[in-house]
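Dear colleague,

Please find the structure below, followed by a summary of what was found in it. I would be grateful if you could read the two side by side.

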Amino acid sequence: MIIDTTYYNKEHKQVIADLVGPEFSLVQKLKMNGVGSKRMIIDEVSPNMKSMINLVSDINYSNIELRPKGILLMINQGLKNFTWIIPYYQLVIYKTNGSSIHAQGRFVHYRNNKTFKENKKFFDKLLNEKVKYDMAHAMPM
């Protein structure tokens with residue numbers, strides 16, 4: 001689900017909490033050594049997300065926030081902000097010349113440059129959180 005988060009809306013906060021859980025508490029954020037990524041340069045997006053990026057030859061940025069049951073991928077388009085809500089059970093990450101995040105028939109591919117390399121620890125943390133979630137919610141055989 002993608003929502004326009006340019007302006008504050010109580011309903012958006014509730015929808016986000018229902019899908020990926022509430023924000024981590026300050027203590028949890030400190031224990032995890034932060035829950036947000038630095039901004040990364042978007043290299044490419046799926047055709048059904050083209051309306052959310054700048055059409056001119058401008059650099060598009062995005063950052064990711066961890067939540068207990070998923071992630072929030074925030075995309076900045078000029079003065080507008082869009083948030084893609086991705087529960088962990090729908091999240092797929094590919095590491096090919098940068099990194100791609102896939103879910104719900106959409107994807108965002110990040111450029112492999114300095115800003116992406118600065119986020120290596122964050123992606124490791126993201127994968128650990130996804131594995132923890134998958135292990136806790138795995139069906140017994």
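I begin with a pocket. The second largest pocket has a volume of about 200 Å³. A pocket here is an open set of points, on a 1 Å grid over the protein atoms alone, where a 1.4 Å probe fits, with protein on both sides within 12 Å along at least five of seven lines; the volume is the space filled by probe spheres set on the points, which are joined across faces, edges and corners. Its lining (residues with an atom within 4 Å of a point) consists of Ile 93, Lys 95, Ser 99, Asn 112, Phe 116, Lys 117, Lys 120, Phe 123, Asp 124 and Leu 127. By class, the lining divides into four nonpolar, two polar and four charged residues, where Asp, Glu, Lys and Arg count as charged, Ala, Val, Leu, Ile, Met, Phe, Trp, Tyr, Cys and Pro as nonpolar, and the others, Gly among them, as polar.

Please note that this is a predicted model, in which local features need pLDDT of at least 70 and side-chain atom pairs count only at pLDDT 80 or more, while totals for chains, interfaces and linings use all residues. Residues are numbered from 1 along each chain as its sequence is written, and side-chain values use heavy atoms, with hydrogens and water left out.

The largest pocket has a volume of about 360 Å³. It is lined by 17 residues, of which Thr 5, Lys 13, Ile 16, Arg 67 and Leu 72 are the closest to its centre. Two or more lining residues come from each of α1 (10-20), β3 (60-67), β4 (70-77) and β5 (80-87), and α1 provides the largest share, four residues. Seven residues of this lining are nonpolar, six polar and four charged.

As for the chain as a whole, there are four helices and eight strands (DSSP runs numbered from the N terminus: H or I of at least four residues, and E of at least two). Along the sequence they follow the pattern β-α-α-β-β-β-β-β-β-β-α-α. Buried residues (under 20% relative accessible area, with a 1.4 Å probe and protein chains only) make up 41% of the 141 residues. The C-alpha atoms fill a box of roughly 50 × 35 × 35 Å along the principal axes.

With kind regards

Technical notes. Buried means under 20% relative accessible area, exposed over 50%, partly exposed in between (1.4 Å probe, protein chains only).
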